[in-house]
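Thanks for coming. I will go through one structure, starting with a single chain and then turning to where two chains meet. Please have a look at it first.

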Amino acid sequence: MLTTGFALAFFYAPVDADQGIIQKIFYVHVPLAIVALCGFVAGGIFGAMHLRTRDARWDMRSYVVIHLSIVLAVGVLITGSIWARASWGQWFVWDEPMLVVFLIVFLLYATYQPLRFSIEDREKQARYASVFAVTAGAFVPLCFGAVRMAENLTHPQAATMTTSGPASVTTTFLVSLVGMGLLFVTLCKYEMASKNATAKLRSLRRRLAGDDDFVSTAGRSAAPQL
Amino acid sequence: MDALAIAAGDGYVAGAYIVFLTLILSYLAIMAYKLSRIEREVVEIADIVEGRDRPVEAKPARAKEPVA
């Protein structure tokens, strides 16, 4: 799906009259940003579910979703910088609210892993991380909503791309967005499967060694344990 | 001049897509490494379980020998 989206971007969508070929960066940059931000919000929702049910699987989901969103956010910042350099002649523009807000959100979530790592007790780690995920998850739509409602922006809007452009641009953008979403879900499931397998293995080792005399060889970790 | 501008823009566009690809491939490579570690552990545990089961299976076989 994502490959189709990128193929459409290069062979179907027209070259933008205003920005030229560099507008094609948006077909990777904007879906990445939307999916990463949705991931942060989803992490908050999973965190809330963990606080409500005390089920460790929700904490695991929250962790995986936030972890992957941070990876995508790195991509958003780099592709955005490349576009800014091509379009504005600068890698980063500090008086552009959208860019600065995204950087703040990224830096906020960059503290998520160190926060988890700093707490040794697993129960506390999961609880504090969930509280962080809920608070930061609520902060994301609030920030971007405020920026959208503020003054006219120089940063191009995703909505303009989908509503005012030709149909080919809209179709390409939507295909790329759905493709990016599916990639995100696939990678999440991949990481979840890996984490579950690790947890099962650890439990098997514990049973083989006998619960009483088992000494865990695993060091302190930011990742949740089931 | 336009051709030059498009050529320069091409580099930026290619750069952005390469960054995305590199990011995803790096992530997949790290996950593949973790999966291979899990596989090694599974083999290790399977060996331990086999080692435990072997003496239990061997005993009844010896008991049958005098009868035959």
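A definition to begin with: helices (H or I, at least four residues) and strands (E, at least two) are DSSP runs, numbered from the N terminus. On that basis chain A has eight helices and zero strands.

Some housekeeping. This is a predicted model, in which local features need pLDDT of at least 70 and side-chain atom pairs count only at pLDDT 80 or more, while totals for chains, interfaces and linings use all residues. Residues are numbered from 1 along each chain as its sequence is written, chains are lettered from A and ligands numbered from 1 in the order in which they are written, and side-chain values use heavy atoms, with hydrogens and water left out.

Back to chain A. Of its 226 residues, 45% are buried; buried means under 20% relative accessible area, exposed over 50%, and partly exposed in between, with a 1.4 Å probe and protein chains only. Contact here means heavy atoms within 4.5 Å. Take the contacts in chain A between residues at least 6 apart in sequence: 75% of them join residues at least 24 apart.

One helix to look at is α3(A). It has 33 residues and spans 46 Å from first C-alpha to last, close to the 48 Å expected at 1.5 Å a residue. That expected span is 1.5 Å times one less than the number of residues. After α3(A) comes Gly89(A), with a positive phi near 80°.

Now one residue, Val41(A), which lies in helix α2 of chain A. Is Val41(A) buried or partly exposed? Val41(A) is partly exposed, at 29% relative accessible area. Leaving aside residues up to four places away in sequence, Val41(A) touches Gly137(A), Val140(A) and Pro141(A).

Next, the interface. Here 35 residues of chain A are in contact with 26 residues of chain B. The area buried between the two chains is about 2,700 Å², with carbon and sulfur atoms giving 79% of it. Buried area is the accessible area (1.4 Å probe) that two parts lose on being put together, summed over both.

How many salt bridges does the rule find across the interface of chain A and chain B? It finds two, a salt bridge being a side-chain nitrogen of Lys or Arg within 4 Å of a carboxyl oxygen of Asp or Glu. Arg205(A) forms a salt bridge with Glu44(B), with the closest N and O atoms 2.6 Å apart. On the side of chain A that touches chain B, the largest share, 13 residues, comes from α8(A).
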